[in-house]
Amino acid sequence: MTTQTTTRSKTYDMVYIAVFAVLIAICSWISIPMTVPFTLQTFAVFLAVGVLGGKRGSLAVLIYILLGAVGIPVFAGFSGGIGQLLGNTVGFLFSALLMWLIEKLFGRKTWVLGISMVLGLIVCYAIGTVWFMVVYAQNSGAVGLATVLGWCVIPFIIPDLVKIALALTLSKRLSKALKLNGQE
């Protein structure tokens, strides 16, 4: 590869990472009104890793989190700031990193990506559940795990599985259209 080709490739990488960081922010602002409203953040995180691959997708998630940490209102509800980092926001990064690890170990086959998205979702649920239990206990007293799962996980399982299916379908099509298949 020539220096010019390498520079062009790195420039494209930076642009794709930035675009997906913005996409995650936009999806965090979209709230679907249901019995329990939900956003499209997890969809965008899964799409970023699915399209860009583990390394670039994780970087997009990290940039999204850093933008929010410095106060830019990229998080759900148009919020930002260091106080918003715990819970699912940090869970998104761990989900992306797990998906990257699974990609490194097993490749980028569609079934591998689907399993990594489901496992990434479980990581997100686990971190969010622990965070909720800590915050709830500080403000209102102890709460049981079954209760928290009923409030914070179970209502989101079906919408999140739909988001995974959509992200998986779009990931394969977009990565082919952008000629990103097989790249890290």
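Helix α5 covers residues 110-140, and its 31 residues reach 44 Å from the first C-alpha to the last, close to the 45 Å expected at 1.5 Å a residue. That expected span is 1.5 Å times one less than the number of residues in the helix. Helices here are DSSP runs of H or I with at least four residues, strands are runs of E with at least two, and both are numbered from the N terminus.

Buried residues of α5 include Val112, Leu113, Gly114, Ser116 and Met117. Further along the helix, Gly120, Leu121, Cys124, Tyr125, Gly128 and Thr129 are buried too. "Buried" means under 20% relative accessible area, "exposed" means over 50%, and "partly exposed" lies in between (1.4 Å probe, protein chains only). An α-helix has 3.6 residues a turn, so residues three or four places apart point the same way. Just after α5 comes glycine 141, with a positive phi of about 105 degrees.

## About the model

This is a predicted model, in which local features need pLDDT of at least 70 and side-chain atom pairs count only at pLDDT 80 or more, while totals for chains, interfaces and linings use all residues. Residues are numbered from 1 along each chain as its sequence is written, and side-chain values use heavy atoms, leaving out hydrogens and water.

## The whole chain

Seven helices and two strands make up the list of elements in the chain. Their order along the sequence is α-β-β-α-α-α-α-α-α. The C-alpha atoms fill a box of roughly 60 × 35 × 30 Å along the principal axes. The radius of gyration, taken over C-alpha atoms, is compared with a globule rule of 2.2 Å times the number of residues to the power 0.38. For 184 residues, a compact globule would come out near 16 Å, and the 17 Å of this chain agrees with that.

Of the 184 residues, 41% are buried. Take the contacts (heavy atoms within 4.5 Å) with a separation of 6 or more: 66% of them join residues 24 or more positions apart. The accessible surface is about 9,800 Å², and carbon and sulfur atoms hold 73% of that area. Such areas come from the Shrake-Rupley method with a 1.4 Å probe, and for residues only the protein chains shown count as cover.

Now look at α2, which runs over residues 41-52.

Glycine 53 follows α2 and has a positive phi, near 95 degrees.

## Two residues in one loop

The loop between α3 (54-69) and α4 (88-106) holds phenylalanine 78. Most residues other than glycine have a negative phi. Phenylalanine 78 has a positive one, near 55 degrees. With 54% relative accessibility, phenylalanine 78 counts as exposed.

Serine 79 is found in the loop between α3 and α4 as well, but serine 79 is buried, at a relative accessible area of 16%. Setting aside neighbours within four places in sequence, serine 79 is in contact with Ile72, Pro73, Val74 and Gln84.
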